[in-house]
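Here are a few notes to go with the model. Have it open while you read.

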Amino acid sequence: MTDPVFFAPSRRYTAAEVANLTGSVLVDSGQSDVLIEALAPANEGGANALVFVDGRRNSALMPSLRAAAVLCTAEFANKAPSSVAVLTHPRPQQAFALVGRLLFPTAATPGPMTSETGVSPHAHVDPTAHVEAGAIIEAGAVIGPGVSIGSGTVIAPNAVIGQSCQIGRDGYVGPGASIQYALIGNRVIIHGGARIGQDGFGFVGGAKGPERVPQIGRVVIQDDVEIGSNSTVDRGAMSDTIIGQGTKIDNLVQIAHNVRIGRNCIVAGLSGISGSVVVGDNVTMGGGVGLADHLTIGTGAKLAARSGFMSNVPAGEIWGGYPAQPMAEAMREIAMLRTMARARKQGKDNG
């Protein structure tokens, strides 16, 4: 059996081209013709590979690099071996990611899983659906009545798009994903197994137990959003659930009804956002964050991983812990508990 190569480089780039494309500075112009056709971590490298070194902690890797070229900050440029082309950039990882998207475009944006183009004869497309020329509907996909799908969008096998949903151009809906009661913008990526637009968890106490509250809102997903595999976005109860432009949501994230997430947010895996939470722009949530309902998270806030939130977070602050609080206070409490634990242990040992 052959060893498959899933991602082949689109072409080779010279060090000079990488410098121009990323806005980096090539330290030695004599190395402008060094060829780059692979990416690698700095501790591995390899022939024709580009690596990056970011931060003082990783600078110890510089002298032993084995690579065609390295992206690093200017302060570490003189630490690389003479055989390695050095490109300096204030944000090496950002520049590295740009090169990666150019070298491996199919890894950066999902594409069709089959070789089919247009609408597969093995897909079910309702006669009232509007599929623009250039869209791809793969085998097994189901497109409901009144659906609109823009040019360049790929609907992968066994994805289901419910009645009257609208999906913009150059997007992707992964295998087995389901979308209903949703309006979706351009260049939106929804990975396999995601669930968009199912009813929210709305119940009211009744004589015989919990009774369902009808969920009649929608999901609105703006341009350039990415939603990871097996994540869920509930439709609104009466108003809409909204995901702002440029926001990136990891795998296995739960977003409840009426949640409003701003632009360019990052939500890491296993996070859960309860109903009617409002999240400002440029908010970062670490993995496993939990938010109680009706909270407001201010613009630019950073929420530490595995933290539980029961209070509003002001704009620009860093919070963590359980229950979450400003990070400085949380760290002081942890330090105090450690001090008390050590004192107690010493007392027992001396006793």
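1. Met340 sits in helix α4, residues 327-350 (helices are DSSP runs of H or I with at least four residues, strands runs of E with at least two, numbered from the N terminus). Met340 is exposed, at 51% relative accessible area (buried is under 20%, exposed over 50%, partly exposed in between, with a 1.4 Å probe and protein chains only).

2. Before going on: this is a predicted model, with local features needing pLDDT of at least 70 and side-chain atom pairs pLDDT 80 or more, while totals for chains, interfaces and linings use all residues. Numbering runs from 1 along each chain as its sequence is written, and side-chain values use heavy atoms, leaving out hydrogens and water.

3. Pro323 is in the loop between β38 (318-321) and β39 (324-326).

4. Asp170 isn't a glycine, yet has a positive phi of about 60 degrees. The loop between β15 (166-167) and β16 (172-173) holds Asp170, which is partly exposed at 48% relative accessible area.

5. Asn282, also not a glycine, has a positive phi of about 60 degrees. You'll find Asn282 in the loop between β32 (278-279) and β33 (284-285), partly exposed at 41%.
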